[in-house]
Amino acid sequence: MSPTTTKNRSAYVCNNCGAQSPKWSGRCADCGAWNSIEQVTLPPKATTRPGAGGYAGAAAGQAARADLSAIHRLAEIAPEQEVRRPSGIAELDRVLGGGLVQGSVVLIGGDPGIGKSTLLLQASAAIDANPAFAASKSSVLYVTGEESPQQVSLRAQRLGLAPGGLNLLAETCIEQILATAAAEAPRVLVIDSIQTLFTEALTSAPGSVSQVRETAAQLVRHAKLTETTVFLVGHVTKEGALAGPRVLEHMVDTVLYFEGESGSAHRLVRAVKNRFGAVNELGVFAMTDRGLRQVSNPSAIFLSRHAEPAPGSVVLVTREGTRPMLVEVQALVDQSPLANPRRLAVGLEQNRLAMLLAVLHRHGGIGMFDQDVFANVVGGVRVTETAADLAVLLAVLSSFRDRALPVDLAVFGEVGLAGEIRPVPNGPDRLREAAKHGFKQAIVPKGNVPKGGVEGLKTLPVLTLREAIDAV
Ligand code: TYD
Ligand code: MG
């Protein structure tokens with residue numbers, strides 16, 4: 001085949017890291033993932049525009065271009081503040097870093113049925129009603145590739161939304177969508193979902209790696225050129241990753257993940273990447289029969305505890321993004337019938353639990369070699385920060401001894417391998433949150449106690465695990 005034949009150009013792309021290779025192999029040479037390489041069809045040369053969001057490989061081929069690009073001095077570029085408008089849904093604005101940024105692309109991932117479409121429909125209605133978004137024709141264009149306009153209208157009715165000037169488009173061809181968007185010039189474009197879109201330039205099925213990459217690239221280009229805010233809904237695979245290549249996450253400005261347990265009404269929206277704000281910021285919603293309701297005081301819902309003190313339960317002051325939050329950590333220690341007792345953590349890191357038990361043995365003198373240990377964070381919250389260490393250990397200990405801790409006790413702190421209790425970020429903030437919710441005492445790292453103390457809260461500062469065990 002001569003090099004000028006461009007009809008069926010294809011490449012092999014890793015689903016996991018987006019690396020491109022000339023031939024298929026069972027394992028990605030870049031990231032080491034197994035069975036992640038897929039053949040993708042590249043669009044014919046003439047229609048790709050390298051450098052404008054095209055494939056990395058295609059852009060590299062253009063590196064030897066003769067014309068030179070202009071160089072700017074960083075100091076001479078006037079930093080332009082991004083234009084940001086609050087949507088009107090405060091919890092969504094919080095995860096976005098304070099509102100919708102003009103020209104930014106936001107990817108919203110999550111399990112099927114968790115509430116992505118519901119949230120975006122509610123947000124669209126709020127944006128449409130917000131005069132700050134007023135555009136020449138329409139402020140929002142909602143593109144639905146999965147549901148019919150009737151279904152969307154039914155849902156809007158159920159949510160009690162005022163349909164107002166909300167524009168719906170049932171279309172999956174990206175060229176058509178972009179043509180309509182160019183004509184309507186909405187401030188906000190919602191795509192539900194990216195997996196249903198296809199470009200005419202490729203023959204592969206919608207949802208395939210190449211289609212997702214190419215349609216997303218075109219939408220990103222459109223967002224930057226026209227200063228439209230684009231929301232993309234993305235499906236999540238069984239393993240919890242966004243379907244389609246990880247490269248989708250690299251292409252967009254902000255990635256939000258919907259979390260929540262199927263049995264619980266709480267829905268958490270977490271920012272895992274944000275070019276315009278803090279990551280790990282959390283928006284909390286509750287799914288009701290009239291759609292998603294904001295929860296502005298999450299501590300209150302995650303802390304609906306028994307009035308009676310129960311062994312194995314400890315209240316942890318954790319932080320999600322910029323907000324301190326009280327959650328209940330539970331542990332159950334039970335005689336194990338197994339040769340290898342189980343260590344199971346839900347909402348916490350499993351390996352960290354094993355490590356903490358080792359520290360408890362070495363530095364606290366309490367071994368649990370013949371006990372199963374289960375630890376859980378109530379309410380389906382996932383705590384990834386190390387500030388949970390001390391709470392987990394105290395919950396384990398409380399269950400092991402079958403002695404309840406006081407109900408008005410809050411705990412946080414990192415446990416080091418030498419048995420020391422290390423301070424964690426924003427200690428005073430956490431203490432104030434505990435006091436606000438009526439807690440009277442707190443076992444915390446010594447370095448986290450502010451000079452004057454915290455009003456209404458008795459702090460028990462500790463330096464070592466021994467001290468913490470003695471304190472309870
Ligand atoms: P949906 O937004 O369609 O999920 P996704 O787009 O992420 O797949 O959410 C649908 C689920 O939410 C469905 O299981 C029913 C539930 N739901 C309610 O409980 N109350 C409501 O008012 C709505 C609209 C949906
Ligand atoms: Mg949906």
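User: At about what angle does helix H11 run to S16?

Analyst: Bear in mind that this is a predicted model. Helix H11 covers residues 427-436. The helix lies across S15, S16, S19, S22 and S23, and its direction relative to S16 is about 80°.

User: OK, and in what order do the seven strands of that open sheet come?

Analyst: The pairing in this sheet is mixed. At the edges sit strand S17 (343-346) and strand S23 (458-462), each of which pairs on one side only. From one strand to the next, the twist averages 25°. Reading across, the order is S17-S18-S16-S15-S19-S22-S23.

User: Which residue in S22 is the bridge partner of Val-411?

Analyst: Strand S19 (residues 409-411) and strand S22 (residues 441-445) pair in the parallel sense, over three bridges. Within S22, the partner of Val-411 is Ile-443.

User: What angle does helix H10 make with S16?

Analyst: Helix H10 (residues 389-401) packs on the seven-strand sheet. Among the strands that H10 touches are S15 (313-320), S16 (323-335) and S18 (371-377). The direction of H10 makes an angle with that of S16 of about 35°.

User: Switching to the three-strand sheet, which residue in S3 is the bridge partner of Tyr-12?

Analyst: That open sheet has the order S2-S1-S3, with antiparallel pairing. Strand S1 (residues 10-14) is joined to S3 by five bridges.

User: Is Ile-114 buried or exposed?

Analyst: Ile-114 sits in the loop between S6 and H3. Beyond its neighbours within four places in sequence, Ile-114 is in contact with Phe-258, Glu-259, Gly-260, Arg-267 and Met-287. Its relative accessible area is 6%, which is under the 20% cut-off, so Ile-114 counts as buried.

User: What about Gly-113, buried or exposed?

Analyst: Gly-113 is in the loop between strand S6 (105-110) and helix H3 (116-128). An unreviewed UniProt entry lists Gly-113 under "binding site". Its relative accessibility is 72%, over the 50% cut-off, so Gly-113 is exposed.

User: Last one: which strand gives the largest share of the lining of the largest pocket?

Analyst: The largest pocket holds about 250 Å³ of space. Twelve residues line this pocket, and Asp-111, Phe-258, Glu-259, Gly-260 and Arg-382 are the closest to its centre. The largest share, three residues, comes from strand S11.

How values were computed
Residues are numbered from 1 along each chain as its sequence is written. Chains are lettered from A and ligands numbered from 1 in the order in which they are written. This is a predicted model: local features need pLDDT of at least 70, side-chain atom pairs count only at pLDDT 80 or more; totals for chains, interfaces and linings use all residues. Side-chain values use heavy atoms; hydrogens and water are left out. Two strands pair if DSSP finds at least two bridges between them. Helices (H or I, at least four residues) and strands (E, at least two) are DSSP runs, numbered from the N terminus. UniProt positions are given in the numbering used here, feature names are shortened, and annotations may be inferred rather than shown by experiment. Buried means under 20% relative accessible area, exposed over 50%, partly exposed in between (1.4 Å probe, protein chains only). Contact means heavy atoms within 4.5 Å. On a 1 Å grid over the protein atoms alone, a cavity is a set of points where a 1.4 Å probe fits but cannot get out, and a pocket is an open set with protein on both sides within 12 Å along at least five of seven lines; lining residues have an atom within 4 Å of a point. Grid points are joined across faces, edges and corners, and a volume is the space filled by probe spheres set on the points. Axes are lines fitted to C-alpha atoms, for helices over the stretch in contact, and angles run from 0 to 180 degrees between N-to-C directions.
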